[in-house]
Amino acid sequence: MVSIPSLINPKQFSVSPSVFLLFLLFLSPSLLPMAEAETSPVPFSSIHDSGPVVPVKPLVSFLERVQETAFQTYGSSHFDPKLYVDLSLRFSLSETMHAFDKLLKTGKGSVSVKDLDEFIEKYFEGAGRDLVYAEPVDFVPEPQGFLPKVENPQVRAWALEVHALWKNLSRKVSDSVQKQPEFHTLLPLPGSVIIPGSRFREVYYWDSYWVIRGLLASKMYKTAKAIVTNLVSLIDAYGYVLNGARAYYTNRSQPPLLSAMVFEIYNRTGDVELIKTCLPALLKEYKFWNSGIHEVSIHDDQQNHYSLSRYYAMWNKPRPESSTIDKQSSSKFLNASEKQQFYRELASAAESGWDFGTRWMRDTSEFTTLATTSVLPVDLNVFILKMELDISFLARVIGADSIAENFLKASQARQRAINSVFWNEKMGQWLDYWLSNGTTCKVTWEAQNQNQNVFASNFVPLWIDLFNSDTPLVEKVMRSLQTSGLVCAAGIATSLTNSGQQWDFPNGWAPLQHMIVEGLARSELIEARSMAKEIAERWIRTNYVAYKKTGAMHEKYDVEKCGETGGGGEYVAQTGFGWSNGVVLAFLEEFGWPRDQSIDCIG
């Protein structure tokens, strides 16, 4: 083990003593990367059955009661439970609760519509009122050097409209949140934010990566850096980036892409100070994902030992933002412990960003078989591999060579783990791995535990240069993608199963298109680069045609039909939309659009 003094010299950094202390704390032996595990495992079953719970503040619990009453009063038609936990108080919590308890309720918990309308109007500010518009400081209607490869005037005009949407989605946390945080579920943040849009009124973690990719195409570097600053502030406060900047999201994270955001911004700006500011937080986040409940040790049939990660929310109750829905979903379970485990699986699926889809179900026809914590996910471990590579690169930039070397070794070990545990030679894909119930955290790899179902996530490793630089491997994976059934008229489908869940067929999502396309495009294989361009063009077309039909960018799209938006899931389809805007701009920056090429749907 390398000693801490040799890992880092405080004279290497122009940082405060508190930041340096973070380095010392998180470069302890417990943090040092270990993708090849040597530690003694704790029983998997004990973690699985009695994991941690991060408590929410009293306001959240009260707003869940309001949500339940609203559901009983207004009914399920067009009911959005998130609306009620996004309300902020006009008066103290005790005064508001007292008034709520005085409302005349029926045996089912409903009140008269008139009474509830008047109560909400009197005691609450509207959802989203605690975020106020913030003019982006670096927005210009047409940035210099914007999308130089886009030659078609029709496409350029649309791209400028998408670029202008950053103004519509720009917000800052109101002063009232800073002054009276106990009145709000919104969390204070130091900088301006870009929200996804519609019901998603706050900043979200993994959305922010693709928002930033779009902002970089729009030359909005200050806005991109502000997003990173906000996410770092959440790590400083909680030890990890939250799912979103709300008090009810403190029990889980989302796919860890902060290092990738810092990497992309540095590549555009050369901002070394940003690296110095962010690196302690990245080390802290790395520890979160590679210890405790998220860490699983596994050895393969050659007795090689690895450490991989899984999603595991610190919550075993209905998600506050979807409490009424979760209670209905859990109604099949008869005892409290089964309900608690199901609630943990729901929240863990939300931590994955894939909420919800058959990927997490042991029985793809039965939603209550959700078992997210029993899956070693391909993409999560690819994201952590990228984190290791990014930290190694960023540390090298600021002269922290020992840290850089340490994380480079960790990335090499994780690459071996990904190849050993997830790779399926016959299918030419990387497959999620099911953990057997009742086993220990030290798992023995068995081929039959690979999930043989086809998901877009099976191809996400291509995003990483360690994989897309291997030309024979890229050719094999490309052939597999071509015959997988996922590549459709308007993009890549999320899965092959039409379950009615939003992270399944026929929905396509911007992040999945981007990672797979970017991986193929970075390959030396000409046919792979050609395929990347073709998929990107299909995705650009469907976004364009849908925009012209509806006047909006959408959260997801139906990849079977050009110009059709997606559906399914527990809420109505949303517009805005942060990551869709970002991916379209990133694709247009990379591939452009020829002057004489039509943008309308083909056929």
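Q: Why is Arg213 called buried?
A: Its relative accessible area is 11%. Buried means under 20%. The value 11% falls under that cut-off, so Arg213 counts as buried in this predicted model.

Q: What makes Glu264 buried or exposed?
A: Glu264 has 9% relative accessibility. The limit for buried is under 20%, so Glu264 counts as buried.

Q: Why is the pair Arg213 and Glu264 called a salt bridge?
A: The closest N and O atoms of Arg213 and Glu264 are 3.6 Å apart. The rule asks for a side-chain nitrogen of Lys or Arg within 4 Å of a carboxyl oxygen of Asp or Glu. The pair meets the rule, so it is a salt bridge. It links distant parts of the chain: Arg213 sits in helix H10 (residues 207-217) and Glu264 in helix H12 (residues 258-269), 51 residues apart.

Q: What makes Arg65 and Asp101 a salt bridge?
A: Their side chains meet at 2.6 Å, N to O. The cut-off is within 4 Å, so the pair qualifies. Arg65 belongs to helix H4 (residues 58-74) and Asp101 to helix H6 (residues 93-101). They are 36 residues apart.

Q: Why are Arg65 and Asp101 called partly exposed?
A: Partly exposed lies between buried, under 20%, and exposed, over 50%. Arg65 has 35% and Asp101 has 44%. Each value falls in between, so each residue is partly exposed.

Q: How do you know that Arg479 and Glu475 form a salt bridge?
A: Their N to O distance is 3.4 Å. The limit is within 4 Å, so the pair counts. Both residues lie in helix H19 (residues 471-483), four residues apart, about one turn of the helix. Arg479 is partly exposed at 33%, and Glu475 is partly exposed at 34%.

Q: How many salt bridges does this rule give?
A: The count comes to 37. Salt bridges also link Lys82, Asp86, Arg201, Glu202 and Arg246 in a network.

Q: Why do strands E7 and E12 count as edges of their sheet?
A: The open sheet has three strands, in the order E7-E6-E12, with mixed pairing. Strands E7 (305-309) and E12 (442-444) each have a single partner strand, so one side of each lacks a neighbour in the sheet. E6 (residues 295-299) pairs with E12 in the parallel sense over three bridges. In one of them, His299 has Thr444 of E12 as its bridge partner.

Q: How do you know that the radius of gyration agrees with a compact globule?
A: For 603 residues, a compact globule would have a radius near 25 Å. The protein chain has 24 Å, so the value agrees.

Key: Residues numbered from 1 in each chain as written. Predicted model: local features only at pLDDT ≥ 70, side-chain atom pairs only at ≥ 80, totals over all residues. Heavy atoms only, no water. Pairing = 2+ DSSP bridges. Helix = DSSP H or I, 4+ residues; strand = E, 2+ residues; numbered from the N terminus. Rg over C-alpha atoms; globule rule 2.2 N^0.38 Å. Buried < 20%, exposed > 50% of the residue type's maximum accessible area, 1.4 Å probe, protein only.
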